[in-house]
Amino acid sequence: MEKVKKEKQPGLLDKIVSLTKRRGFVFQGSEIYGGFAGTYDWGPLGVALRRNVVEQWTHSMQMHDNIALLDSSIFTAAKVWEASGHVTGFSDPLVVCNACHTKFRADHLLEVIGVVADEKMTEARINEVFDENRPKLHCPVCGKKDFGRVTAKSLLATSTLGKFEEEDKEVYLRGETAQGIFINYKNVLDSGFYSIPFGIAQVGKAFRNEISPRQFLFRKREFEQMEMQYFVSPEEAPVAYEEWRKERMAYYETLGIKEGKLRWKQHENLVFYAKDAWDIQYEYPFGWSELEGVHYRGDYDLGQHQKFSGVDLSFYDEDTKRRYIPHVIETSVGVDRTILMLLVDAYDEDEMNGEKRVILRFKPNMAPVKAAVFPLLKNKSELVAKAREIYTNLKKEIPQIMWDDNGNIGKRYRRQDEIGTPYCITVDFDTLENDSVTVRDRDSGEQERISIQELNSFLSDKIKAS
Ligand code: GAP
């Protein structure tokens, strides 16, 4: 869970927020109206980065022949959330200052005075901890020591749907994509292509009425999850759980995350649905925090949906002649937290040819732009025409190619370094003579001459090898 933490790398988050806005990765939601807390909009480079993240994750799931893909609705029957336990059990500990009426998360206030609380604690337990520490707790806004009782505030976001306003029903926006998977588990099983053990993987939006959305992309009210539920027999579940934990940690190598920046953390207080739960944490600028959860959910969810819907969700195992409700191993990671991690991990400042530069050292497979094509001079029509031809041909095979003819070459390099483009291709006068171009490597700044014919395979190999 998120804690109030001092920044380990002071200023880094601000630098990333400013770079991503300046270069068109991420914008504050509803910015021209003063912003809308907990929402962010993806700009052109953010969309490209997001797609890379989703594709990489989906590909890792599709490497298993027993994992099916799903895309379920955001609007689901209210019963789904009653059955899942979210209506009563999915909340944050809210406390209000009696003097200035500002609302806070109780665990965040406790964290400021060094008391570790947990959002998964029961309401009674967090009240006990809060009461023990009342004399030390000041309101961060008005400074008074006058807080009310801690109450559980539902995280489910609501909306209304219906034919006539007076009959409109309050509905929930999904708080996790997982429930869409549980309620479709039987449909996928009955399609005839899968049998226990098998998994269902889904990428989609989730919504939470967070009391204090913050830390940029880390805690949003509207965010995207990449979740996989693996349905397995109770006996095989513990082994499958270990295998999935191993696989999920190994996965982050494919994203090029620096060594030592990821670690495991077991949950001390289990959320209502879990039998066991571990987080993969990343060392964000504000400290070690949850990137992904790998949970053992037992038969809780299918059992609840069977009870509430009356539909038989058990599985008959022909081999063992036994009927049971499958157990579930869940892997759940946010697209937004993955992107924040990629930005933090890739951000660097160095000096090249006596000039300071900001650089995003994305692995080429993750970079939103794979290569930029420049004509050496913008006003030489032969160079521009040749560069355009190369650009168009490359783009047919590798769509994430950018055209850049703005400013001198040095400025173009710096701009591309700042967005993490691994290769810059310059078309110069030699190109017109011998059909070769210079390819400049982002990290070393070194240039090599490559024939136009080989460019496509050169870039594809580099991206694949990364
Ligand atoms: N289905 C299980 C589940 O939803 P969770 O730990 O509440 O578990 C899973 O969320 C993942 O979703 C987290 O590890 C995180 O990556 C992402 N996530 C959760 N809340 C988020 C928020 N408010 N903003 C951005 N990402 C969030």
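This is a predicted model: local features need pLDDT of at least 70, side-chain atom pairs count only at pLDDT 80 or more; totals for chains, interfaces and linings use all residues.
Colleague: How far is the side chain of E330 from a nitrogen atom of the ligand?

Modeller: Several polar contacts (pairs of N or O atoms within 3.5 Å) can be listed here. E176 places a polar side-chain atom 2.5 Å from a nitrogen atom of the ligand, and a polar backbone atom of F218 lies 3.2 Å from a ligand nitrogen. For E330, the distance between an N or O atom of its side chain and a nitrogen atom of the ligand is 2.8 Å.

Colleague: How much of the accessible area of the ligand does the protein cover, and which elements give two or more residues to the shell?

Modeller: On its own the ligand has 560 Å² of accessible area (Shrake-Rupley method, 1.4 Å probe), and the protein covers 94% of it.

Colleague: What percentage of the residues in the chain count as buried?

Modeller: The chain has 15 helices and 23 strands, and its C-alpha trace spans about 75 × 65 × 50 Å along the principal axes. Buried means under 20% relative accessible area, exposed means over 50%, and partly exposed lies in between. Of the 466 residues, the share that counts as buried is 53%.

Colleague: Which residue forms a salt bridge with E330, and is that partner buried or exposed?

Modeller: A salt bridge is a side-chain nitrogen of Lys or Arg within 4 Å of a carboxyl oxygen of Asp or Glu, and the count comes to 37 salt bridges. E330 pairs with R297, the closest N and O atoms being 2.7 Å apart. This pair links distant parts of the chain, strand 16 for E330 and strand 13 for R297, 33 residues apart.

Colleague: What is the relative accessibility of R105, which meets E210 in a salt bridge?

Modeller: The side chains of E210 and R105 meet at 3.8 Å, N to O. E210 lies in the loop between strand 9 (198–207) and strand 10, and R105 in strand 5 (residues 103–105), so that parts 105 residues apart are linked. E210 is buried because its relative accessible area is 5%, and R105 also counts as buried, its value being 1%.

Colleague: How many residues apart in sequence are the parts that K386 and D435 tie together?

Modeller: The salt bridge between the side chains of K386 and D435 has an N to O distance of 3.2 Å. K386 lies in helix 12 and D435 in the loop between helix 14 (429–434) and strand 22 (436–441), so the parts tied together are 49 residues apart. K386 counts as buried because its relative accessibility is 17%, whereas D435 is partly exposed, with a relative accessible area of 41%. The separation asked for, to repeat it, is 49 residues.

Colleague: Which residue follows helix 13, and what is its phi?

Modeller: In helix 13 (residues 409–419), the buried residues are I409, R412, Y413, Q416, D417, E418 and I419. At its start, a side-chain oxygen of N408 reaches to within 3.1 Å of the backbone nitrogen of G410. Helix 13 is followed by G420, whose phi is positive, near 85°.

Colleague: What is the phi of N353, and is N353 buried or exposed?

Modeller: N353 stands in the loop between strand 17 (347–352) and strand 18 (355–360). N353 counts as exposed because its relative accessibility is 78%. Its phi is positive, in a residue other than glycine, and lies near 50°.

Notes:
Residues are numbered from 1 along each chain as its sequence is written. Side-chain values use heavy atoms; hydrogens and water are left out. A polar contact is a pair of N or O atoms within 3.5 Å; within protein, one must be able to donate a hydrogen and the other to accept it, and residues adjacent in sequence count only if both atoms are side-chain atoms. Helices (H or I, at least four residues) and strands (E, at least two) are DSSP runs, numbered from the N terminus. Buried means under 20% relative accessible area, exposed over 50%, partly exposed in between (1.4 Å probe, protein chains only).
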